[in-house]
Structures are given as structure tokens and as C-alpha cells.
Amino acid sequence: MDDRGVTSGGAAEGRVPEDFAVVIDGRGAVMVWSAGAQRLLGYEAAEIVGRPAAGLLAADLPESARRHMADGRQVASEVALRHRGGDRVVVRLRGTPLADTDRDHDRGDSDSGSGSGSGNGNGNGNGNGSNGGARRPWLVTGAAPASFAGRAEPGTEALWDLTLAQLPVPVAVYDLQARLVSANAVMSEVMGQTVAEMRGRTLWEIEPTPPFDVYDRLQRQVLRTGEMVFYEDHGQAPGETREHAWSMFISPLKDESGTVQGLSAAVFDTTEQYWARRRLVVLNDAGLRIGSTLDVIRTAEELADVAVTGFADFVTVDLLESVALGEEPATVPPDEPVTVRRTAQRSVLEDCPESVVAAGGAVVYPVGTPPMRTLIAGWGTRHTAGEPGMQEWIRSSQARAEAVTKFMIHSVLLVPLRARGVTLGLVHFLRHRTAQPFSEDDLLLAEEIVARAAVSVDNARRYTHERRTALALQRSLLPDRPRDLAAMEVAYRYLPAGSGAEVGGDWFDVIPLSGARVALVVGDVVGHGIHASATMGRLRTAVRTLADVDLAPDELLTQLDDLVIRLDREEGPEARGQAQDASGEVGATCVYAVYDPVSRRCTMARAGHPPPALVTPDRGVRLLDLPAGPPLGLGGLPFEAVEVELAEGSVLALYTDGLVETADRDIDVGLTLLRQALGDPGASLEETCDHVLRTVLSESPGDDIVLMLARTAALDAGKVRTWELPRDPAAVAGARKMAGEQLAAWGLTEAAFTTELVVSELVTNAVRYGEDPIVLRLIRDSALICEVSDGSSTAPHLRRARVFDEGGRGLMLVAQIAERWGTRQTPAGKTIWAELPLPAETLAHSL
């Protein structure tokens, strides 16, 4: 039963029986229970009278309702109640405090006969003090809709007018021409004009500047449609000096017949929620952007970029000089000035005009100043520019004092960069264009971002000298972030080992194949250091080359196995500069998978590598039963491929053993943690990657780690068209015609000529030299893919035709027209394919 349904008692949401009435005594117990209350919630009076009313709540009362009750004021609010049958009933109720406790108690006795003594001892002081509302009885009834206010008791209209006038949120009423009729004091303050000045004018006439043209249009839409409009915006109101986030409810005012007579606008300040969302975005952005390299300066720049993009106007990152040089951090002396190096700075203004020190320059923190105290204390602090301590720091530099005055810097966060218990530097977050000062939540966010960055900075510092050559080589060999693919969404993480001076040979790749298919590969080369990185690069290049040939996964691993054996023979210990007894054999593990979005089938094989994990759309997680196969380099043993059909939205997880196996933890434990982490995914693959690493990794992994997650997609059936053709020369013309008609249906008539030419040549080639069955397939992806399959396994090849030859030019034409073309073997024979570019306008529309 949800909030939108009908309760077990038959009452629809928001409909309260007219005779609904409940009296609650000062102790919170039910004194009176009417027949309407029984019909709404199903309880007999004998069952409920004397019991705590709080037991009827299905959720806490709204904060505003609790405040009104605590102050002893009348309150009308939406309330979630629990029906006797267990259903949740959401209704709008009105609570009225009963001032004379004794009299109300007597009335409760006479009405219900079961509330004797329930109000005694709670009437003293009712209405006095801050707790006046908490100790008095309350009458709870249904809250009548505003359109029926005319049926209320005499005098209610005046109270209703007072309520609207004194509401703490901006409220205004407009007539059928969208002209202001009246507004409360808060709206007048926000607009910066009196009600008399605004009355009789539309919003655009009151304030003829954007975005009031949008508001005016929305009001007229409400008057035209009779439907409420909710709108959110962020900006500065005419009568205010700071920007706010606003949530606006523009509602029609209807009479009893349902005719629109005007509209009301209620505006709520949601600035806190706006900044909370901004903080979440910044935090997510920090997780994605900070620490992308093992370079100290770049990591500091990423931290500054994220902070300026998110919530600060000017950010500086100062590192201790020893850290900037890649050395061990020096101890910060409490009684001596500290010199730091301005490693990075970013501003919302071009070229950081607020800065008094150029990037790379030295900055001195005097003893006793807030930056110095923050460095020593080791936790973040929040300041205003006018504080005595900050004034001392500002006046320590004439240029700094001038900058603070010129740019009106008013709010400052100082957060130390600390990693593994060691202070590395200090980050300054400043605001001047943003009128809102930093809050405590902002300080917590800044500390979280800086903490993430500090780990990356410390890692980069520790490995700068020892690993520069190996890291440069490895970065040049690892792939860039893959382009957008129709077949799947891919996210990955690569983490170097947390200890030791050399990198390993873990690698991964995402390889687009013909027919919109995608190949995924993750591998791990035995050993560490430059040699392992170089071997990894050679294997990755070999895999790409073999993938271009469209070998099946088991065949590809067989070819890769031969390559590793050959490399080991060619590069003995002498070639690697090692002693004869040194352990330096070339060896590797690998898993290779090919996914076809048309059939949703994935073919995989592995060579001594950990098994892939599969997460189904219903969050079920299992390790695929894939034959392990021998590691690459042993030779003589076969590899076996397995084909699995994947539901759309499944996530395939490929990883190296460094993720699940450590010296102090068995691999089964790591695999269990991996399944648990994958079974609780984040909102995106990127978040899931981070969640898996946080869950599975030990504090200091001893091996390199690759984690690749791929969420599968199914190619829309409307983007694929297949025809089976007879092995008859006459079928060529029909194939051209069918292809042209399909292109017209796809709106690709501009590509019809070249496509029909390619279809004609490929089908002709299959008819002349191939075997049955002959199949033509067109796929509309980021390119137009034309495939012709036949039963012959003989691969075609280009040849140069003589002047008077009647044939031999077909594939040459295809090669000239297509962006790329090729052939692949299939269980039934072969497929020749060609990719043709989509027209520019069509491609832009598709993207």
C-alpha cells in the first residue's frame, strides 16, 4: 500500500471524514475518538482512547508542525498515519490548542467516557513559556481546503488574511490578467517594493529584467491551463543583496465550480539545499578528477580546479618546500616562520588577479598567524577577513592587504594537506564573489576533498624520483578513456602498488570491433619495473593487432601464448642484464572478452587469470564458470572459450589478482568481498569502481590493481536489418534496392549511393566466390555498417586488376569508399564488413 492508494478503511489520500475529531491530552494520550476517526483509521474508541497518539504516526511530524506545537500555535500539516490494518494513510490535519485544560478535560470525560483524569497535572502554565504547547490538550480535525474557507466560522477570514500576511515566506496573489492583487511583507522585502507600488502590475511590469519574463510566462501558463507549476531558480532578488536558491509554487485559485479566478505564488528559500547539492557534486567531482596522475603539481592543480568549480572563488595550494621537491616532509617548527611553495592556484577570475604570489613562488607563514596555527594543529579552520588573527596575517603583506580590500575577500577556509599522519602543506579557500560565507558543512567538504588530494600528493611525492621513467613509459602504453560506445558503458580504475619503487605490468584495454562489437582485455605481466612495463606494452599492442584480425578469444590467447614464449626465448637473463639464476621469465595472465550488442552474447576466454564477475540487472552477482586455462608462456595447452548471453544492463567486472589477493589474505576472501561490493553498486559505474576499491582493498596493496566495469547495452532492433539472399547474380539488384529502402527509412538518403555501391560489390563477391547461406546485414551505429556473410571460409584479398580485366576491382572500390573494412571468420564461414560515415547532420543528431 503506498501513499497514493486507498486505505483499508476506504478513505482516499487527502480525504478526511467531516466528523473526524480527536482530542489529545497534555501527556499525549487520546481522550476523544470520533466516529470519523474510526472510519479513517479503523480503530474502535475502546481500542485507542488512553493510548499515546504518537503510536498512530507512520512518520515523524514535519519540523514546521513540531515547532508550531511547541509554541502552542494552531498548525495545519500533512500527516502520515498508520491504519489499523497496517496501511499508511496520508491526510492533512489541523491541530488547535485548547487553552482551558480543565474545561477541555471535562468535555473529554462527558464525550467519550474514557478520558477520566487524563489531563490532570498538565494544565498548569499552559500557554506560558517556551514549552506552552507541549503540555496542553489539542483538538485535531481535518484541514479544510482554502477554496472552502467561506464555510468556516465567522472571523476566520480575518485570521486567514493575517496568516497570509505574516507567513515567513514570500506569498503573492494575482488576478486573471496576472496583475498583482496583494502580497505579504516578505514578498515586498524580496521584491524591494511596497505592495502599493506593485499592485495592478504584472511581474514583467514590476521588474522588466530576466528572469522575470520567465516567471511571467509561467504565471500565464497556470491561468491558461489551471495546473500548478513548480519552478526552481538561483539568483539575486531585486530587494536582496545575496543570491538565493528559490523553489516556487505557482498555483491556480479556483472557485467552487473549478473556474480559475486568479493565481497564487509561494516562494521558498532553498539555498541550503542548493548548497548541499553543490557540495555533493563537488565531492563526486573530486573523486573523479583528483589523483589522476602521480605528479605532485598536477594533483595540486586538480584539487584547485575542483574547488573553484564547486564552491570557492579563489584557491591556493601551498606545499612544504621539501614535499614540492619530492623529499620527505620536514617537521613544522612551532616557533619559527615556515616557508612553503605556491604549487597551484585557481580563481573564478581570469589569471588569478587576487594572488600576490605567482605559481612556483615562495610564501612565508609568520609565527602565530592562522596559516601557521592550522599547519601545526593539523585540522581545518574557518575565518572571516575581519578577525584579529586574520588581520595580522593580511597585514603581513602589503600586496595581500590590497588584494583583500580590492576584491572584498570576506570568508576563508584553511585546511592542512595531511596524509598518513604527516603534514604536507596548506590549502586556502577564499570567497569574494560569492556573498554566502563558508559554513561548517563547507569546511567538512573542504577537509574531505583535501584529504583525498593529500593521499595522491603523498603518493606522487614518494615515487617522483624512483618511478619517473617507469611511470612515463606505462602512461604512454595504457589506453585513454574509451570513446562512447553503443555496446556498453565502461569505467575502470588503475592503481599502482602501494609500496616498492617499481611499477608492475598490469594492463587493460577496450577495443572497438566490427559490427558494433567491443573487446575487453585485462592482463597482468609477471614481475615489476621497466621491463614489466615494456612487456606489457608489447602484449597490449599484440592483442590490439590480433583483435583487428577478429580472432576468436581462444584463438587470440593461443597466438598471444606463442608470442610470450618467443619473447622469453629472445630475452633471456643476459638480454635483461640479469644473472643466469635471476628470476626474470616473461609470463602473463590475461582475460579476453568480445561482446555483441545485437545478439547480447559475450564470448570469453582466460589464461590463468581470475574469473570475471557478472552482475545481473537484479543485482545478482556470480563468478562466471570460465575454464581457467594455463598462464601465457607455458605453451602446449589449449584455451577454451565460453559464450554467455547477457541481459541488457548487466555489468561485467574484469580485474587483476592484486584486487582480490594479498600476502595476508586468501583469494577466496577477496572474491567474497568483491561479490559483496558489486552487489551494492553506486549510482554510476564510476561510483561503483570507487566503492569496490574501498570495500575490497587493503590499506596498502602490494601489487598493481586493474578494475574494469562494463555495463552492457542492446542495440535497438530498429537499427539492425538483416536479409538472407539466394546465391544468384539476380539477387544483387534486389539487395541494392532493399538497402536503399532501409536507408530511406532511417533518413540516410544522402548515404544511399555509396552504401548501395558497397552492398553491390560485397554481395557480388559472395555470389561469385562464396557459399550458401548468403546474409546481408545493415547496422546503424555511430557509423553505417554493412556486412555480407557467406558459408565459405576463404578470406578475400585486394588485388590490382589489369586494364582489360572485367573483375577484381570490387574490394578496391570498397576500400576507397569505406572508412575501414575487413573480414572475420564465423562458425558458418566468414563475414566481410565495411563502415561508412554517417552524414554530418545525421551523426550530430544521433549524438
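Where does A647 lie? In this predicted model, A647 sits in the loop between β24 (642-645) and β25 (651-655). A647 is partly exposed, with a relative accessible area of 36%. Leaving aside residues up to four places away in sequence, A647 touches R600, P617 and T712.

One of the contacts of A647 is R600. R600 is itself a loop residue, placed between β20 (588-596) and β21 (601-607). The backbone of R600 has a positive phi of about 60°, although R600 is not a glycine. R600 is partly exposed, and its relative accessible area is 26%.

The protein chain as a whole contains 25 helices and 31 strands. The chain has 847 residues, of which 47% count as buried. Contacts between residues at least 6 apart in sequence were also sorted by separation. Of these contacts, 61% join residues at least 24 apart.

The interior was examined next. In soluble globular proteins, nonpolar side chains tend to be buried together. The largest nonpolar core in this model holds 61 residues. Within this core, F311, V317, L417 and F429 touch the most other members. Helix α16 (residues 440-477) supplies the largest share of the core, 9 residues. A second, separate core has 28 residues, including V758, V767, C786 and A834.

Two helix pairs were then compared. What is the angle between helix α10 (residues 271-289) and helix α11 (residues 296-310)? These helices pack at about 160°, with their axes 9 Å apart. Angles over 145 degrees count as roughly antiparallel, and α10 and α11 are therefore roughly antiparallel to each other. Their crossing is right-handed. On the α10 side, the contact involves R278, V282, D285, A286 and R289. These residues meet E302, D305, V306, T309 and G310 in α11. The residues of this contact divide into 3 nonpolar, 2 polar and 5 charged.

The other pair is helix α20 (residues 667-678) and helix α21 (residues 685-696). The packing angle of α20 and α21 is about 145°, and their axes are 9 Å apart. The crossing of α20 with α21 is right-handed. G670, L673, L674, A677 and L678 represent α20 in the contact. Their partners in α21 are T688, H691, V692, T695 and V696. How many residues of this contact are nonpolar, polar and charged? The contact of α20 with α21 has 6 nonpolar residues, 4 polar residues and no charged residues.

P370, P371, M372, T374 and L375 are buried in α13. These buried residues pack against strands β12, β13 and β14 (381-384), among other elements. Helix α14 (388-395) is also one of their packing partners. So are strands β15 (411-419) and β16 (422-431). Just after α13, G378 takes a positive phi of about 90°.

D351 is placed in the loop between β12 (338-347) and β13 (362-365). Phi of D351 is near 70°, a positive value in a residue other than glycine. Is D351 buried or exposed? At 68% relative accessibility, D351 counts as exposed; the cut-off for exposed is over 50%.

The backbone also contains cis peptide bonds. Which residues does the cis bond with omega of about 5° join? This cis bond joins P210 and P211. P211 lies in the loop between α8 (203-206) and α9 (212-225). The peptide bond from D772 to P773 is cis as well, with omega near -5°. P773 belongs to the loop between α23 (752-769) and β28 (774-780).

Key
Residues numbered from 1 in each chain as written. Predicted model: local features only at pLDDT ≥ 70, side-chain atom pairs only at ≥ 80, totals over all residues. Heavy atoms only, no water. Core = buried A, V, L, I, M, F, W, Y, C linked by side-chain atoms within 4.5 Å. Buried < 20%, exposed > 50% of the residue type's maximum accessible area, 1.4 Å probe, protein only. Helix = DSSP H or I, 4+ residues; strand = E, 2+ residues; numbered from the N terminus. Axes fitted to C-alpha atoms, helices over the stretch in contact; angles between N-to-C directions. Parallel < 35°, antiparallel > 145°, perpendicular 65-115°, else oblique. Left-handed = near helix turned anticlockwise from the far one by under 90°. Contact = heavy atoms within 4.5 Å. Nonpolar A, V, L, I, M, F, W, Y, C, P; charged D, E, K, R; others polar.
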